[in-house]
Every structure is written in C-alpha cells, then in structure tokens.
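This report describes the fold of one protein model and the surroundings of its ligands. Please keep the sequence and the structure in view while reading.

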Amino acid sequence: MKVLNKSKLIEALNVLSSQQEVFVPIQRESQSGYFSWADYQPERDELMLEALNVYQSPKNVVLPQTERMYGIISQGMEVDIDQTFEDAHPTLIFGARGCDVKGILAMDEVFLTRGFVDSFYQARRANNTIVANACYAPGPNCFCTAMEVDPVEPVGADVIIHDCGDYYAWEARTGKGEAVTAQLDGLLEDKEVKLPSAQPFQLQVDYQGVAEKLKDMFDHSLWDQMAEPCINCGMCTYVCPSCYCFDIQVKMFGEKGYRFRAWDSCMFEEYTREAGGGNPRGASKERFRQRFLHKLEFFQERYGTPLCTGCGRCIIVCPTDVNIARIIKAVKEAEVE
Ligand code: SF4
Ligand code: SF4
C-alpha cells in the first residue's frame, strides 16, 4: 500500500498547495475550521488533523459564507448583467471526516440534480478534490453510522487517508484521487502498515423509521416541548456541514453594483418573512420544527437520505442544550396523536 510518512506531511501539503488551493483543519486563535494552507502561520495556527472535527466544516470551500455572483448595471428601468463571478479555481479539502464528506454529497444533490444546476456551486465542485481522513475513534457526540455514513471508508472521498501512527496509509479512490496522488510522487512510499481498529460508538442513535413516523407528527405536542429551550440563535445551522440555505442581496454603488449570496438560517425570523410582512414560520417553534423535519423527513423523502450526517457539532455548540440525538429518540418513542 502507499503511505505518507508524517514527517513529510508539511512538505506534502506544500507540494499540493503549489497545484491547487488546499484547505486543512486548523485552530486559528479562537476559531477552528478549514483554512487555506497558503495562509498557514505556525506561530498562530495549529494543524488539527488529529482532532475529530473542527467547529466549522469544509462546506465553505464549495459554498462560501459570502459569494459574489454577478455584476449589474442599472439605468432607469433597464438592468444588465455585465459579468459573472463563477469561481473554478482548483481546490483540495485535506482531512475531511466522513460526516463532512457526506455533507458535501448532500449539497451535490441540492445544487446539481433534479433538473436544477447552480452554476456557481457547479464550478467550485467540479474543480474540488476531497482527501478524507478515516475515523476510527468516534467522539461522545458522534453518530454518523446511524445517518448512513461509513467513517472508515467514506463514500464521496477521492482519497482516504488512515492514521497509522507514524504514517498515513494513502488510498486513492477516484480519478481525481489518482491525480492528487501523482502530485505526491516521490513523497509517498510503498510500505505495509497495520490499519487501526475501529472503536465502538459511545452515542447510540436509531434513525430507522423516523422519517416515516414524522409524516404524522407535524402537529404533535412534542414540538412545543422540544422547541421550548431554543433561542433561534442559528449557531447549529452555521456549523452544520449539510445546512445550505442562503440569502441573495444586492450592493449598489450608483448605477453599478453586484449581487451576492450569504449563508442564512431557517432559525431566523427574517428568513421566511415576506415583503408584505406575513411570515409562514413566524413562531420560534415553527422554525425549530422546520429545521428538524427538513433534516430528518423532507430531505429523506426527496433524496433518499437524511440531511443530518451525525457529526455532532450542533449538539456541541447549542447554548441551550438542544440535542438532535435526543430529538430522534423522542420521535422514536412518541405516541402518534
Ligand atoms: S444552536 Fe440551539 S438555541 Fe441556537 S438555533 Fe440551534 S437549536 Fe436553537
Ligand atoms: S444536524 Fe447537527 S449532527 Fe446533523 S450534520 Fe448538522 S450539525 Fe451535524
């Protein structure tokens, strides 16, 4: 098998970075997320490949938090688009866990299938390669296997690396993966190493039948009780690797300007507020219910898979202890009214 000696990791990231923009998990002062290796400063940044999950997932690589879309010229009632800003520069996500790879696959469904193609997403994703970091020791809030993720052999990865102590076992899975592997010619070596043993999950979640059951629970009293602590801060949606809602805004400077999109959240009251002032999800409970029905029922119905990848981030960041694993359990145990 091919392996990368960890003593050559920095050199490997430098080589990869000379061929495409490489995003790696980094702790940067009070933030942690996937940052460009080109901006890495050892005195400020800590490479977090050994951590299970940094706070921000790599979704920003394919769906940036803010993204300029197209330039506009407005003259009276006439509006022209003078340029678009589709970004097709090659990128590589290095070290994503299986849950985060599944988050990107979920976004692929939304932005690239069923007759809807988002050209901005398509341009980024077509030129994006994923090197996934196999997980053998799930954390206390991880439940990815319950949400159709294989943490050791994640579907959607172009390369899978396995942490074997002094080495990463290196396994190319796709043509893109082979191309990245070729970039490291001279750094990878052939050697047999023992793969780690997978540890059991600490958190047990049973999602079987939940999507079907939720069809009859839209008006269930459980939502009042479960939504009560939520303060609609939106933290859960921002850290989630599979939440993709966005808002489009315009910025004008006289007659010229541009449109851009930015991440939004179904937890915010403004998200569904209509121009006339009405709001189909004006109450906090309605927004809370929407988030969990979208994750656990609607996406499953439309795409055949849940929109939660079991990464556990929303459990960790929620300031009021809302816990999706407990919600799944409560739904499983609820009497349908
Ligand atoms: S992080 Fe918690 S409190 Fe904030 S919106 Fe999400 S569920 Fe509600
Ligand atoms: S809903 Fe929570 S556990 Fe599921 S993928 Fe999003 S952040 Fe992770």
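Strand β9 (residues 159-163) is joined to β10 by 5 bridges in the antiparallel sense. Two strands are said to pair if DSSP finds at least two bridges between them. Helices (H or I, at least four residues) and strands (E, at least two) are DSSP runs, numbered from the N terminus. The model is a predicted one, in which local features need pLDDT of at least 70, side-chain atom pairs count only at pLDDT 80 or more, and totals for chains, interfaces and linings use all residues. Residues are numbered from 1 along each chain as its sequence is written, while chains are lettered from A and ligands numbered from 1 in the order in which they are written.

How much of strand β10 is buried? Of the 6 residues in β10 (residues 167-172), 5 are buried, so that the strand is mostly covered. A residue counts as buried if 20 or more other C-beta atoms lie within 10 Å of its own, as exposed if 12 or fewer do, and as partly exposed in between, with C-beta atoms placed from the backbone.

Strands of a sheet pair through backbone hydrogen bonds, either parallel or antiparallel. An open sheet of 4 strands runs in the order β6-β5-β13-β12, with antiparallel pairing. Its edge strands, β6 (78-84) and β12 (246-253), each pair on one side only. On average, neighbouring strands of this sheet are turned by 30° against each other, direction ignored. Such angles run from 0 to 180 degrees between N-to-C directions, and the axes are lines fitted to C-alpha atoms, for helices over the stretch in contact. Strand β5 (residues 66-75) pairs with β6 over 6 bridges in the antiparallel sense. Ser74 is set opposite Val79 in β6.

**Ligand surroundings**

Which residues are the closest to ligand 1? They are Cys230, Cys233, Cys236, Cys318 and Val322, within a shell of 13 residues. A residue is near a molecule or strand if its C-beta atom, placed from the backbone, lies within 6 Å of it. By class, the shell of ligand 1 comprises 10 nonpolar, 3 polar and no charged residues. Ala, Val, Leu, Ile, Met, Phe, Trp, Tyr, Cys and Pro count as nonpolar, Asp, Glu, Lys and Arg as charged, and the others, Gly among them, as polar. Ligand 2 is likewise surrounded by 13 residues, and the closest are Cys240, Cys308, Cys311, Arg313 and Cys314. The shell of ligand 2 holds 7 nonpolar, 4 polar and 2 charged residues.

**Exposed loop residues**

| Residue | Loop | Other C-beta atoms within 10 Å |
|---|---|---|
| Glu29 | between β2 (21-28) and β3 | 8 |
| Asp39 | between β3 (31-36) and β4 (45-47) | 11 |
| Arg114 | between α3 (98-112) and α4 (119-126) | 9 |
| Asp321 | between α10 (313-317) and α11 (324-333) | 9 |

Asp39 is exposed because 11 other C-beta atoms lie within 10 Å. The C-alpha atoms of Asp39 and Val101 are 23 Å apart in space, and the two residues are 62 apart in sequence. By contrast, Asp321 and Pro229 are 92 residues apart along the chain, with their C-alpha atoms separated by 7.8 Å.

Most residues other than glycine have a negative phi, and most peptide bonds are trans. Glu29, although not a glycine, has a positive phi of about 50°. Arg114, also not a glycine, has a positive phi of about 60°.

**The chain as a whole**

The chain contains 11 helices and 13 strands. Its radius of gyration is 21 Å, close to the 20 Å that the globule rule gives for 337 residues, so the chain is as compact as a globular protein of that length. This radius is taken over C-alpha atoms, and the globule rule is 2.2 Å times the number of residues to the power 0.38. Along the principal axes, the C-alpha atoms fill a box of roughly 65 × 60 × 40 Å. Of the 337 residues, 34% count as buried.
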